[in-house]
Amino acid sequence: MKANVTAHADYTIAPIDDRIYGAFLEHLGRAIYTGIYEPGHPKADKQGMRTDVLDLVRELQAPVVRYPGGNFVSAYNWEDGVGRRDKRPTRLDLAWHTSDSNAVGVHEFIDWCDKANTAPMLAINLGSRGLDEARNFVEYVNGPTGSHWGDLRKSHGHAAPFDVKMWCLGNEMDGPWQVGHKTAHEYGRLANEVAKTLRAFDKSLELIVCGSSNSDMKTYPEWERVVLEHTYESVDHISLHMYFANRAKNTANYLALNHKLDAYIGVVAATIEQVRALKRSKKRVTISFDEWNVWYHSNKADRAILDGNEGWPHAPRLLEDIYNFEDVLQVGCILNTFIRRADVVKIACIAQLVNVIAPIMTEPGGAAWRQTIYYPYYFASAFGRGTALRLSVKCPGYDADVADNVPYLDVSGVHDAQAGTVTLFAVNRHASDALDMSVALEGFGALAIVDHQVMTHADLQAVNDLKNPLAVTPKKGKGAKIDAGALKAKLPPLSYQMIRLAKA
Ligand code: AHR
């Protein structure tokens, strides 16, 4: 099978906002406790943060990490997590039927972000709480000393304002499962008042309003229209979430799901434009896709805890999806979609980062390792910076549940004009046929291949686990070449590739 692609330096989609390679950490399961934080672990630093996990996080180069939830945030009191640790209350977490010691709170998280070379994105509780607590939280984090909240922060050991720029106005407020779930009108009005109040404190904050929890919600996409009609002039981004699953064990349908993602982004982009027109506004709200990942492997195992049959455990194993090789292909396709929608998606966060539906796993007291999906996320984050190219792709396709004529080749291209590099991320969705990919390279000058990484495996179900953490890893690609101004590469059936070109 053949795929003919054309890339031209002048034919671009948009500059990529680096923050599309962001991540998410929630007070859920072992994400925080025995994930990033485990005092007493042989690799813990003085603050109890695991340095083996920090090393892996730094390698991923996530520019932003969202915290502290998720569903958790909708009944969270930020005040529980500040001040002396021995005075912090243990609270019941109503979202996940667990308990939380509050040993980690906003100070510890932001300190961890500094160590991880990332920026915090904080979520505010607009479920069980409202405007005043939101305003107090933001003033506590960013306010000057000489004021009540700034002085309280100083008394907890941090005089300088933390200067957190990105704030989520609640989480999944359209979801009936959410503590304090609201209608679009109720939420839109509240979010607008909170946004106005936060802007009165600091105009430069970047505010993110909740869109739909997924595109199967009954209220989608009317939710987006109503919420944006309330908030259009006071927010910067609208948040979307989507999780992917292969419950039917149908690889072809599974690997087509990023077409549903693309349609979801397209519809919300159109809704933004509709509201912009209604408001006669110059401003362009954009999308923060701040939760995405594969999530289904752990569903059954989690039932007992979520149904409350285990009491209120602290940091139990929850949502610990063990990813397989097939999920590498899915994550590659998802990231390609965000690159191709760089015009409107300005933030995206893999959900989550450690232990909970995560690329990084840990064993309490033991090792930390890379799950299979770590690799496509790493390649995109490390090498997918620059301008998204509008590629022309000619390739046979197949009909799937969510879309017709899904091309066997899923590909994105990124040009970094300053560094003189072009990077291609490609997935062959075909189960049995290799793809002969030819990419005509126009307007870039002479290029040479400087890196070529391939992920392929005889077993779609192969996983990396504690016993065998290196079962699925990238290998150096062979045989790719530049021939008469075109890149030629063979893509094995069901494979992922990253090919990096630089000025010859
Ligand atoms: O990431 C897991 C959960 O998925 C989050 O808490 C919630 O926002 C979403 O439903």
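A residue counts as buried when its relative accessible area is under 20%. Keep that cut-off in mind, because it decides several of the cases I will show from this predicted model.

Take L435, which sits in strand β21, residues 435–442. Is L435 buried or exposed? Its relative accessible area is 0%, so L435 is buried. Setting aside residues up to four places away in sequence, L435 touches M1, K2, A3, C395, Y408, L409, N428, A489, K490 and L491. For a distance, consider L353: it is 82 residues from L435 in sequence, and the two C-alpha atoms are 33 Å apart.

Next, the nonpolar core. The largest one has 170 residues, and the members that touch the most others are W112, L169 and F289. Which helix gives the most to this core? Helix α10, residues 325–340, with 9 residues.

Look at F289 for a moment.

Helix α8 covers residues 257–278, and its axis lies 9 Å from that of α10, at an angle of about 25 degrees. Angles under 35 degrees count as roughly parallel, so α8 is roughly parallel to α10. The crossing is right-handed.

Still in helix α10, we find N336. With 1% relative accessibility, N336 counts as buried. What does N336 touch, apart from residues up to four places away in sequence? The answer is D410, V411, S412 and F425.

Helix α3, residues 131–142, and helix α5, residues 184–201, have axes that come within 10 Å and cross at roughly 30 degrees. This makes α3 roughly parallel to α5. Their crossing is right-handed. From α3, the residues involved are L131, A134, R135, V138, E139 and N142, and they meet L190, E193, V194, T197, L198 and F201 of α5. As background, an α-helix has 3.6 residues a turn, so residues three or four places apart point the same way.

Now helix α1, residues 51–60. Its buried residues include D52, V53, L54, L56, V57 and L60. What do the buried residues of α1 pack against? They pack against α2, β13 (360–362), β14 (368–370) and α11 (374–383). Just after α1 comes Q61, which takes a positive phi of about 55 degrees.

Leaving out neighbours within four places in sequence, E108 is in contact with M49, G81, R85, R88 and A103. With R88 there is also a polar contact between the side chains, at 2.9 Å. As for M49, it is 59 residues from E108 along the chain, and their C-alpha atoms are separated by 9.1 Å.

That is the end of my part.

How values were computed. Residues numbered from 1 in each chain as written. Predicted model: local features only at pLDDT ≥ 70, side-chain atom pairs only at ≥ 80, totals over all residues. Heavy atoms only, no water. Core = buried A, V, L, I, M, F, W, Y, C linked by side-chain atoms within 4.5 Å. Buried < 20%, exposed > 50% of the residue type's maximum accessible area, 1.4 Å probe, protein only. Helix = DSSP H or I, 4+ residues; strand = E, 2+ residues; numbered from the N terminus. Contact = heavy atoms within 4.5 Å. Polar contact = N/O pair within 3.5 Å; in protein donor to acceptor, adjacent residues only side chain to side chain. Axes fitted to C-alpha atoms, helices over the stretch in contact; angles between N-to-C directions. Parallel < 35°, antiparallel > 145°, perpendicular 65-115°, else oblique. Left-handed = near helix turned anticlockwise from the far one by under 90°.
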